[in-house]
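Thanks for making time this morning.

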Amino acid sequence: MDKELSATNQTRPSSLQAAIVYFSDPDRCFAHAMAMHWPDGKITCPRCGAEKHSFISTRKIWWCCACKKQFTVKVGTIFEDSPLGMDKWMTAVWLICNCKNGISSYEIARDIHITQKSAWFMLHRIRRAMQSGSFVRLSGEVEVDETFIGGKARNMHKGKRAEKIQGRGPEGKEIVFGMVERGGKVIAGHMDTRKKRDLQPIIREHIEAGSAILSDELKSYEGLVADYQHAVINHAVEYANGNVHTNTMENFWSLLKRGLHGTYISVEPFHLFRYIDEQAFRYNNRKDTDADRFTGVMNNASGKRLTWKELTGKLQDDRTCLD
Ligand SMILES: [Zn+2]
C-alpha cells in the first residue's frame, strides 16, 4: 500500500479531464482517499483511534482489533454512509471546487451518472467541507457591503409568496453582508437585517481595529470612525473616489450572483449560507491551483458529517432540492 500511496502523490491530476480519468480507476481512487484521510500514512480506527487492525483487501474495509468494528475510508467524513464510490465523490469534489460559478446537481447527475437528488445531497456534503474551519481576521484596507439575493417570489404560489414578500430585505429578498480585505480574503454571510446592531458586532469581531474600512453611506456603519479609518462612498453620486470604493466587494457579489442566478437558479433561503460559503471558498483560494483546492477540500472532509435530516430540516416540500 505504501508504494501505491507514494505513486498517488507523484501523479496528482492537474486538470478536470485528467481528474476524471484518474478517479475512474477504483484502486487508485481508494489509495488517494486513504492518503487524504490519513496524511501521515498511519491508519487509525475512526471510532476508537486504535492502530491495530486487519485489512480485508477484497472489500476495502478494515476490522479494528480493539473495538471489533469494521471501518472504511469514508467513516468519520462527509462521505460516510454514502453508497456512492469514491471515484464519483472525487470527481464531484473536483468539479465544485474548480467551477467558477459553481455546478448544479443536474450537471453533476449527468456527469457522474447518479440521480439529481443524490447529486444535490452530495454537493451539500461537499459544501460542508468547503466551510472555513478557522477564524479569519481582516486588516489593511477592508471593504464592507451588503447585497440582496432573491427574485424567487415571482415563481411562487400565492401563500408562499405572501410569506416571502413580508420577508426581510426589500421585496422579500434575502440580505447578504460581506467584508473583503483588498488582495486578501472575503467573509460573507446571510443576515436577518442590515441594522447597525447586527452589522457592527460582526465588523468589530472580524476587522482589526485601526484598519481602513470602506463602505457605502448606509447608516448602519455610522460610529465605526471611533475604532477605524472609515471612508464612505456615496453611490448615489459616484462609484469610486480615488481609493474609496467597494469594487472588490462588488466583484464578489457578481460571482455569487452568477452562481445563484445562472447555475443554481432555485435556492431556498434556508440553504443560502451554504452557497455563500462555497463561493467564499473558491474566492479565498483563488490563487491556488485546481489540484490545491481539491486537496484542501479533501483534507477538510474528516470530522464533518451532514445527514439528510440536518440538511433538509423543516423543508420537506418539492422545492427543497431543485438547485
Ligand atoms: Zn476501533
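Start with H113, which touches K88 and I108 once residues up to four places away in sequence are left out. Bear in mind throughout that this is a predicted model. H113 and K88 are 25 residues apart along the chain, and their C-alpha atoms are separated by 8.7 Å. The place of H113 is the loop between α5 (105-112) and α6 (116-130). Is H113 buried or exposed? Its relative accessibility is 67%, so H113 counts as exposed.

The backbone of H113 deserves a remark. Most residues other than glycine have a negative phi. H113 is not a glycine, yet its phi is positive, at about 60 degrees. K60 is another case: its phi is positive, about 55 degrees, and K60 is not a glycine either. K60 lies in the loop between β1 and β2.

Now the side chain of K60. Which ring does the charged end of K60 sit over? The ring is that of F30, and the charged end is 5.5 Å from its centre. The charged end of R286 likewise sits over a ring, that of Y283, at 4.1 Å from the centre.

F30 leads on to the aromatics. One aromatic cluster is formed by F30, W38, F55, W62 and F71. In the structure as a whole there are twelve aromatic pairs.

W38 is in the loop between α3 and β1 (53-56), while W62 is in strand β2 (residues 61-64), so the pair ties together parts that are 24 residues apart in sequence. Both W38 and W62 are buried.

Next, helix packing around α2. Take α2 (residues 16-23) with α3 (residues 26-37). Their axes come within 7 Å and cross at roughly 105 degrees. α2 and α3 are therefore roughly perpendicular to each other, since angles from 65 to 115 degrees fall in that class. On the α2 side, the residues in contact are V21, Y22 and F23; on the α3 side they are R28, C29 and H32. By type, the residues of this contact are four nonpolar, one polar and one charged.

M34 has a relative accessible area of 3%, which means M34 is buried. M34 and T72 are 38 residues apart in sequence, and from C-alpha to C-alpha they are 9.6 Å apart in space.

Back to α2, this time with α4 (residues 86-98). At what angle do α2 and α4 pack? The angle is about 170 degrees, with the axes 9 Å apart. α2 and α4 are therefore roughly antiparallel to each other, the class for angles over 145 degrees. L16, A19, I20 and F23 in α2 meet D87, M90, T91, W94 and L95 in α4. The residues of this contact divide into seven nonpolar, one polar and one charged.

Last, the overall numbers. The protein has twelve helices and eight strands. Of its 323 residues, 48% are buried. Among contacts in the protein with a separation of 6 or more, 64% are between residues 24 or more positions apart.

Note on methods:
Residues are numbered from 1 along each chain as its sequence is written. This is a predicted model: local features need pLDDT of at least 70, side-chain atom pairs count only at pLDDT 80 or more; totals for chains, interfaces and linings use all residues. Side-chain values use heavy atoms; hydrogens and water are left out. Axes are lines fitted to C-alpha atoms, for helices over the stretch in contact, and angles run from 0 to 180 degrees between N-to-C directions. Helices (H or I, at least four residues) and strands (E, at least two) are DSSP runs, numbered from the N terminus. Angles under 35 degrees count as roughly parallel, over 145 as roughly antiparallel, 65 to 115 as roughly perpendicular and the rest as oblique. Contact means heavy atoms within 4.5 Å. Ala, Val, Leu, Ile, Met, Phe, Trp, Tyr, Cys and Pro count as nonpolar, Asp, Glu, Lys and Arg as charged, and the others, Gly among them, as polar. Rings of Phe, Tyr and Trp (its six-membered ring) pair if their centres lie within 6.5 Å; planes under 30 degrees apart count as stacked, over 60 as edge-to-face and the rest as tilted. Buried means under 20% relative accessible area, exposed over 50%, partly exposed in between (1.4 Å probe, protein chains only). A charge sits over a ring if NZ of Lys or CZ of Arg is within 6 Å of the ring centre and within 35 degrees of the ring normal.
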